Amino acid sequence: MKRWRGLKELVRDAVHHGSRAIERVQKETARRPFAIVEAIPELRTPAAIVHTVHDVAVTTTHWTIRGVNDVVSVALDLVI
């Protein structure tokens with residue numbers, strides 16, 4: 001049982017840290033094109049709004065992934 005719990009924790013941590021890393025890369029990758037479009041005066045406001053929506057969507061998606069990961073971890077604790 002100890003090995004199963006250890007494996008479960010390893011997978012949980014991998015998903016958690018992987019999700020954080022991917023979230024960071026997605027936001028950093030999108031930041032450059034948004035900065036270019038936001039530099040155009042006529043597009044600054046709409047681009048900033050889309051940028052904010054994008055970042056919120058990415059954050060929410062990864063928050064959900066980590067939340068489901070935690071719920072599955074707790075469920076596996078009960079099963080093991």
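Start by selecting W4: this tryptophan is exposed, with a relative accessible area of 56%. That value counts as exposed because the cut-off is over 50%. Keep in mind as you click around that you are looking at a predicted model. W4 sits in helix α1.

Now widen the selection to M1, L7, L10, V11, V15 and I65. Together with W4 they make a nonpolar patch on the surface, with about 710 Å² of accessible area between them. Which helix gives the most to the nonpolar patch? That would be α1, with 5 residues.

Next, show α1 as a cartoon, residues 2-38. The helix has 37 residues and covers 53 Å from first C-alpha to last, close to the 54 Å expected at 1.5 Å a residue. Look for the kink, too: α1 bends by about 30 degrees at R31, and a proline, P33, follows within four residues.

Then bring up α2, residues 44-79. Here you get 36 residues and a reach of 52 Å between the end C-alphas, close to the expected 52 Å.

Time to look at what is tucked away. On the α1 side, color K8, S19, E23, A30 and F34, which are buried. The buried residues of α1 pack against α2. On the α2 side, pick A47, H51, V58, H62, R66, N69 and S73, buried as well. Those buried residues pack against α1 in turn.

Select R66 and E23: they form a salt bridge, with the closest N and O atoms 3.2 Å apart. This pair ties together distant parts of the chain, R66 in helix α2 and E23 in helix α1, 43 residues apart. Are the two partners buried or exposed? R66 has a relative accessibility of 6% and counts as buried, and E23 is buried at 8%.

E23 and K27 both lie in α1, 4 residues apart, about one turn of the helix. The spacing makes sense: an α-helix has 3.6 residues a turn, so residues three or four places apart point the same way.

Slide back along α1 to R12 and E9. They form a salt bridge too, with 3.4 Å between the closest N and O atoms. Again both are in α1, this time 3 residues apart, about one turn of the helix. How covered are they? R12 is partly exposed, with a relative accessible area of 22%, and E9 is partly exposed at 30%.

For the last stop, select R5, K8, E9, R12, D13, D70 and D77 in one go. Salt bridges that share partners join these residues into one network. Among them is K8, one of the buried residues of α1. If you want to draw every salt bridge in the model, the count comes to 8.

Definitions and conventions: Residues numbered from 1 in each chain as written. Predicted model: local features only at pLDDT ≥ 70, side-chain atom pairs only at ≥ 80, totals over all residues. Heavy atoms only, no water. Helix = DSSP H or I, 4+ residues; strand = E, 2+ residues; numbered from the N terminus. Expected span 1.5 Å × (residues − 1). Buried < 20%, exposed > 50% of the residue type's maximum accessible area, 1.4 Å probe, protein only. Contact = heavy atoms within 4.5 Å. Bend = angle between axes of the 7 residues up to and from the residue. Salt bridge = Lys/Arg side-chain N within 4 Å of Asp/Glu carboxyl O. Patch = residues over 30% accessible without salt bridge, like charges linked within 9 Å, V, L, I, M, F, W, Y side chains within 5 Å. Areas by Shrake-Rupley, 256 points an atom, 1.4 Å probe, with all protein chains shown as cover.
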